[in-house]
Every structure is written in C-alpha cells, then in structure tokens.
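Dear colleague,

I am handing over the structure below, and after it you will find a careful account of what was found. Please keep the structure open beside the text as you read.

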Amino acid sequence: MIGSTNTDVGRSRWLRSWGYHAEYYAQTWRGSVASSVLFPILYLAALGIGVGHLVAHHHGVVDGQTYLHYIAPSLLATTTMQLGEGESLWPVLACVKWIRTYHAAATTPLEPDDILFGKLAWVATRAFVTAVLYTAIIACFGAIQSWWSLTLPFIGTLVTLAFSAPLVAYAARSQSDASFTTLYRFAFVPMFLFSATFYPLSEYPGYLRPVVQFFPLYHGVALARAAAFGQGSLVPQLGHVAVLVAMAVLGVMWGRRTMRRRLTD
Amino acid sequence: MTGTHVLEAHQLVKRFGEFEAVKGIDVEIDRGESFGFLGPNGAGKTSTMRMISAVSQPSGGTISIFGLDPRTHGPEIRSRLGVVPQEDSLELELSVRHNLEMFGRYFDLSRRVVRERATELLEFTQLTERANDKVDNLSGGMKRRLTIARGLMNRPEILILDEPTTGLDPQARHLLWDRLYRLKREGVTLIITTHYMDEAEQLCDRLVVMDQGSIVAEGAPRTLIEQFSTREVVELRFTTDDHEEYFDRLAPFAERVEVLPDRVLLYVNNGDDTLRDVHAAHITPTSALVRRSSLEDVFLHLTGRTLTE
C-alpha cells in the first residue's frame with residue numbers, strides 16, 4: 001500500500017478533501033438547494049395534508065398518528081436516502097472518468113483513502129445539515145413528540161451513509177452510467193414507495209413483509225418514526241441501526257478497494 | 001539521495017493483467033535536467049509517468065524519487081512534485097482562479113498563500129484576464145496552461161508533463177514551450193512525454209526513446225540523431241501506388257533507404273548532392289525535399305515505424 005508513512009504533516013489529508021468538496025459546494029450550491037429541502041416539503045404538503053384528509057375521513061389515525069405526522073419522519077429517511085444516492089453515482093463517475101478530478105487529486109499528497117473519506121465526510125455533513133433543517137420543519141408541522149427526536153439528524157446522516165458508501169464504491173468501479181438508471185428504476189424508486197414509507201408494515205400482505213424488511217430504507221423509516229414519536233422498544237431500534245451501520249461499513253471497505261484500484265492502477 | 005539524481009528507476013515493470021505495458025526500464029534523471037520520454041501512443045509512456053509520479057504502483061522493479069521510496073513515502077514525494085496529466089481534469093464549473101486556489105489547498109497551503117500563488121501563476125501562464133471566467137469557456141490552449149499553473153501551485157522541484165501540447169495549435173504550443181523554458185531556467189526539473197519529435201528536440205536535454213514498453217535508445221537529441229541517422233534526409237514522392245518499387249533503384253544513392261507508404265527516405269550526408277545524382281540518373285520524383293535528420297528518423301531506424309503511426 002502506497003504511503004503508509006505519513007510524512008506530509010499538517011491538516012489531515014482527508015480533511016483537505018472534505019474542504020475541497022465544501023468549497024466546491026460553496027461555489028455551486030444554488031442549483032441543488034431546491035431538491036434537498038423544497039421537495040420533501042412539497043411531498044409533505046401534498047401527501048400529508050391532501051391524503052391526510054382522506055385518511056382522516058376513513059380511519060381517523062394511522063398507528064395513533066394523524067397521517068401527516070405519520071409520514072413526516074419517513075420522509076426524513078427518504079430525503080436523506082435520496083441525498084446519498086444523488087451525491088454518489090453520477091458525481092463520482094464524473095470524478096473518476098469523465099472529468100477525472102479525483103485522478104488530479106491523486107497526484108497531490110492525498111491517498112485514495114483520503115479522497116474517499118473526504119467525500120463521504122462531506123456527504124455526511126450535507127446529510128446532517130439537511131436532516132437538522134428537515135427536523136425543524138416537521139417540528140413546525142407538530143410531528144415531533146419525543147426527546148428522542150434529537151437523534152433524527154444522526155439517523156438521517158446514518159441513512160445517507162448507508163447508501164452513499166456502497167454507491168460511491170460502485171461508481172468508482174463503473175465504466176459507464178448505464179446501470180445507474182436501472183438502479184433508480186428497479187431499486188431506489190420501489191424502495192422509496194414500499195419501505196413502509198406511506199403506510200404501516202401491517203398493511204402489506206404477509207408474504208411481502210419480509211421483502212419490505214429486506215429494504216435498507218425500511219430500517220431508516222422505522223428508526224426515524226420511532227425517534228420522532230418516542231415509540232417502540234429499544235432492541236428493534238438497535239437492530240435497525242446495526243443494518244444501516246453494516247451497510248455503511250461494508251460500503252467503506254468496498255470503496256477503499258475500488259477507489260484505490262481506479263486511481264492507482 | 002544518490003549523487004545528483006532526483007529520480008532513479010530500475011527494471012521498472014507495469015502489468016495490467018496479462019498485458020505488460022512497461023517491460024523493465026531503467027531511468028536516471030538529474031536535478032535541473034529536462035528529460036523526455038519519446039514514443040508513439042501505446043509505448044508505455046503514460047504508465048511510466050504514473051509510476052514516477054508516485055501515483056501508481058510498479059508491478060516490479062524499484063523507484064526512488066528524492067531518495068525516497070514511493071511505496072512508503074507517497075504523500076511526501078507527491079508534495080514536492082507537480083503533475084500535468086494528459087487530460088486537463090479541471091473543474092469546468094468553477095472559475096480559473098478557484099481551480100488553482102482549491103487545488104493548492106490539497107497541499108495544505110494557507111488561504112493567503114494559495115491566493116498569492118494563484119495570482120502569480122495566472123500572470124505566468126497569461127491567464128490573468130480570464131481569472132474569473134468559468135473554465136468551460138476557455139480554449140484548449142488556455143485549459144492546458146491552467147493545468148500547468150495548477151501543477152505549479154506547490155512550487156514543485158520536478159514538474160511531470162504527459163503529452164503537454166497534444167491537440168494544440170502551433171501558436172499555443174510555442175507559448176507553452178516558452179513557459180517551460182522559463183521553468184527550466186528557474187531550476188525546475190522537467191519530465192516530459194511526447195510523441196512529437198520536434199517537441200522532444202526543443203525541450204529535452206536528454207531523452208529515452210520508448211517502443212512497446214521498452215527503452216530502445218537513450219541520449220541527448222543531437223547525439224541520438226548523430227548516432228542513429230545521417231546528417232541529412234532526402235524525401236522523395238512518386239506517382240505510384242507502391243513506393244517499394246523504387247527501393248532497388250534508389251539504394252545505391254544512400255547509406256540507408258526507408259520506404260514509407262507515401263514516400264521514400266534517403267539517408268545521406270549531403271542531400272543536395274544526392275538529389276542531383278538522382279535526377280542525373282533520370283529518376284524523376286513528383287516532389288523532393290532535403291531536410292536535416294530528426295528524432296523521427298532515429299525512431300524509424302530503431303523500430304521500423306513512424307512515431308505517429
């Protein structure tokens with residue numbers, strides 16, 4: 001492994017990569033703000049208020065919550081998932097293939113690991129900020145009912161990393177973006193719709209429930225909901241956390257390999 | 001550090017699966033020297049450059065840069081190198097100035113220092129007026145100059161340039177060469193790959209000729225030409241589908257004859273005399289040109305192929 005001895009002293013190298021992303025964002029953020037904050041609010045308004053009325057007429061409440069309150073935390077999970085997806089496929093392929101800015105970074109003191117960790121740290125930073133904003137917004141809608149809600153920004157960040165880490169790894173070894181659209185069509189969109197996002201697991205037919213529970217997003221949704229309402233016992237929540245942490249950790253391990261191969265071969 | 005060598009490579013090998021891109025080359029480069037790797041596309045130049053930039057791992061052999069081993073001191077070595085890769089790899093959405101400043105921060109330079117150096121290097125590469133433009137709007141030559149400026153942000157002791165002028169028009173090339181001369185005068189060691197023999201002759205004190213992953217010759221451009229070619233070359237074109245048919249008739253007039261698809265080259269000491277003899281023998285080419293031997297001829301002699309084939 002190149003560079004196990006760090007004789008290039010000063011600010012940690014992964015932090016320089018983080019700083020580069022932050023600076024880049026500071027120059028170009030205007031286009032992306034709408035999608036990260038506005039869209040979830042639109043969803044919340046359209047579904048929470050619109051469908052919420054309908055639900056109120058027929059059932060009154062879902063799992064003891066108004067429909068608006070019921071879906072608010074799950075939209076936090078889907079928003080942070082989408083952030084992880086959006087930041088990790090095309091942007092990374094551009095950096096390793098189309099524009100090759102990661103190759104340029106690899107000629108500086110930075111190691112492939114530094115480039116990877118800086119990238120993930122930056123995505124996590126954005127996720128955290130987004131999740132804080134989003135938590136504040138749903139608090140305004142009254143969907144925050146427990147001190148556990150303070151963990152929502154961390155849950156959001158964890159969801160982002162659980163998706164971002166493996167997707168960065170995957171993009172770093174891709175030669176084209178042909179498979180990315182397929183991923184969206186056949187994995188991300190179904191996951192968004194069917195992770196107990198819009199109605200409880202109990203509404204799914206029995207044979208589909210294991211499938212839903214297999215979706216990584218399901219664990220994020222369940223966790224966010226439990227935190228917002230302060231409901232459910234601790235053990236299942238730890239299980240959800242474990243699934244998401246495992247995805248992130250495996251993603252990082254995979255990414256270290258693919259990034260090194262891509263940049264140093 | 002051994003002697004004055006800033007870079008030493010021995011039996012350097014790069015393999016990609018079954019394919020051996022670099023087949024055990026030896027190179028020693030002195031401080032302040034401008035050193036070239038000349039060869040056609042696919043000769044293994046870029047693979048070599050990536051290894052001596054301490055970016056890619058050799059599959060075999062050893063490298064020492066500044067007396068350090070890239071396997072253990074990669075970051076430290078790279079902090080003292082500047083690299084101008086074949087593709088510009090600039091941030092197209094950002095301004096010219098931001099490209100430099102942000103890249104400089106990779107070397108942990110302070111904001112004040114990157115600002116100063118960016119200003120200085122924009123001046124040096126004649127991009128000051130475009131400082132606030134988006135890179136996307138620059139011409140090819142300007143992007144290339146910006147990439148060179150970027151490679152100089154850390155004030156490198158060695159600047160490594162991979163095909164610095166490929167795709168540029170003559171004017172842009174000359175401007176770029178001029179900047180490289182200045183760097184050389186300031187004592188920067190230059191390592192350049194190129195498949196342009198005129199570039200190699202212009203810029204390099206010493207070079208190696210690479211072909212199919214191996215070094216086939218090494219020396220100063222003039223020495224190589226003297227060693228492997230004659231003083232002058234007569235280029236003759238005929239109205240024919242196959243220039244080969246003239247080989248036998250022309251062979252007596254030259255030390256050596258090379259037949260290319262579109263012309264015949266006669267290697268001689270005095271081109272004008274030879275041309276006169278050829279005409280006297282009633283051989284009438286449609287066009288004739290006498291020129292001095294170049295590295296192109298050296299390459300042709302050593303490999304039987306042209307550089308741009």
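Among the elements of chain A, helix 7 (residues 152–172) of chain A has the highest mean pLDDT (98), whereas helix 2 (residues 33–58) of chain A has the lowest (80); pLDDT is the predictor's confidence in each residue, from 0 to 100, and helices (H or I, at least four residues) and strands (E, at least two) are DSSP runs, numbered from the N terminus. Over residues 1–7 of chain A the pLDDT is below 50, although this stretch has 26 contacts in the model beyond near neighbours in sequence, where contact means heavy atoms within 4.5 Å. Where pLDDT is low, the predicted coordinates should not be read in detail. Chain A as a whole averages a pLDDT of 90, and 95% of its residues score at least 70.

This is a predicted model, in which local features need pLDDT of at least 70 and side-chain atom pairs count only at pLDDT 80 or more, while totals for chains, interfaces and linings use all residues. Residues are numbered from 1 along each chain as its sequence is written, chains are lettered from A and ligands numbered from 1 in the order in which they are written, and side-chain values use heavy atoms, with hydrogens and water left out.

In the largest nonpolar core, which has 115 residues, A:Met259, B:Leu159 and B:Leu180 touch the most other members; such a core is a set of buried Ala, Val, Leu, Ile, Met, Phe, Trp, Tyr and Cys residues joined through side-chain atoms within 4.5 Å, and buried means under 20% relative accessible area, exposed over 50%, partly exposed in between (1.4 Å probe, protein chains only). The largest share of this core, 11 residues, comes from helix 7 of chain A. Leaving aside neighbours within four places in sequence, the contacts of A:Met259 include A:Val96, A:Tyr102 and A:Val168.

In chain B, 3 strands form an open antiparallel sheet in the order 2-1-4, where two strands pair if DSSP finds at least two bridges between them. Its edge strands are strand 2 (19–30) and strand 4 (60–65) of chain B, each pairing on one side only.

Strand 8 (residues 206–211) and strand 9 (residues 214–219) of chain B pair in the antiparallel sense over 5 bridges, and they form a hairpin with 2 residues between them. B:Ile215 lies in strand 9 of chain B and is partly exposed, with a relative accessible area of 25%. Leaving aside neighbours within four places in sequence, B:Ile215 is in contact with residues including B:Ile25, B:Val27 and B:Val208.

With best wishes
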